[in-house]
Amino acid sequence: MENITLVPVWLIQDILVLIIATLMIFYIINNEERPKIVLMQFIGFVFFYAAAFENVAVSMGLMGNEGFYAYGRSILMIFNIPLTVPIIEFLIVYSTLRVLKTINIPSWTKPFITGLSAMIFDFSLDPVAVKQIFQTSEGIIARWSYYPIPGEPVIYGEPVMNFTGWIYIAGYWTAFILIGEWWHKKKGYNNLIGYIYPILASILSLVCLVSPLSNFFNFMGPFFPRTSNMQWVMLIALSVITVGVLVLALVKFWDRRLLAL
């Protein structure tokens, strides 16, 4: 068995995330109309989308490739990443979508708003993770360590595009899940389709995530290099677009509320 160093701060954080995840599962069981399907969304996102991509990126970082990253080890791991990492990501996306389902806004706006929510949460999580540096059995490592390529724009020691990325990482999955929910409803809530579409949506999201489309959103690749200031341009542009979509959705929501009075 591989030796790991128990870092109390990381252990406490993992326990808190697992407690919140447990509460979320009970919430889903008690409040969702089709809880088994939503739990399949949870499984699909964690294991077939987030964990799959994170493990590829971490593996590249562990092989010494610049532009990738690594995590400090936890008790519960999915290969090279702590189990709690993709769980946190799902908690953010699910909670945002759950709030959006309580208000009457166009479905096409939800991937943008979910992406904006994920980016905002990431701005609060990553700066803490990169500063939690400890001596472990693997050497000196942070909870999350990024290895930028020389010359690329950074925030808190991380590439600017890391924050941009959360707009489309959450957006891809939300878009495919909404399509899956539409398909499920159109087929009369067929059980087989209900169990299939969350996994299929996660795999399709992963395909989009590793496609050239992501680098276009990151820094308008291949037209500009990763080291260019286009990382800043794309972060600002996508942030403005998603905020604009949020404002538009809220205006439409309040217009409907006023017409209903």
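At what angle do helix H5 and helix H7 pack, and how far apart are their axes? Before getting to that, a word on what you're looking at: this is a predicted model, in which local features need pLDDT of at least 70 and side-chain atom pairs count only at pLDDT 80 or more, while totals for chains, interfaces and linings use all residues. Residues are numbered from 1 along each chain as its sequence is written, and side-chain values use heavy atoms, with hydrogens and water left out.

Back to the helices. H5 covers residues 160-186 and H7 covers residues 212-219; they pack at about 135°, with their axes 9 Å apart. That makes H5 oblique to H7. Helices (H or I, at least four residues) and strands (E, at least two) are DSSP runs, numbered from the N terminus. Axes are lines fitted to C-alpha atoms, for helices over the stretch in contact, and angles run from 0 to 180 degrees between N-to-C directions. As for the wording, angles under 35 degrees count as roughly parallel, over 145 as roughly antiparallel, 65 to 115 as roughly perpendicular and the rest as oblique.

H5 passes H7 in a right-handed crossing (left-handed means the near helix is turned anticlockwise from the far one by less than a right angle, right-handed means clockwise). On the H5 side, the contact (heavy atoms within 4.5 Å) uses Met161, Thr164, Gly165, Tyr168 and Tyr172, and these meet Leu213, Ser214, Phe217, Asn218 and Phe219 of H7. Sorted by type, the residues of this contact are 6 nonpolar, 4 polar and no charged. Here Ala, Val, Leu, Ile, Met, Phe, Trp, Tyr, Cys and Pro count as nonpolar, Asp, Glu, Lys and Arg as charged, and the others, Gly among them, as polar.

Follow the chain past H7 and you reach Pro222, in the loop between H7 and helix H8 (230-260).

The H3 residues Ile88, Ile92, Val93, Thr96, Leu97 and Leu100 meet H4 residues including Lys110, Ile113, Phe121 and Leu125. The residues of the contact of H3 with H4 divide into 9 nonpolar, 3 polar and 1 charged.

H3 also packs on H1, with axes that come within 10 Å and cross at roughly 40°; H1 and H3 are therefore oblique to each other. In this case the crossing is left-handed. Among the H1 residues in the contact are Asp14, Met24 and Asn31, and among those of H3 are Thr84, Phe90 and Arg98. The contact of H1 with H3 has 12 nonpolar, 2 polar and 2 charged residues.

What does the side chain of Arg98 meet in a salt bridge? Its partner is Glu32, at 3.1 Å from N to O. The whole structure has 5 salt bridges (a side-chain nitrogen of Lys or Arg within 4 Å of a carboxyl oxygen of Asp or Glu).

One more backbone spot: Phe79, in the loop between strand E2 (77-78) and strand E3 (81-82), has phi near 60°, a positive value in a residue other than glycine.
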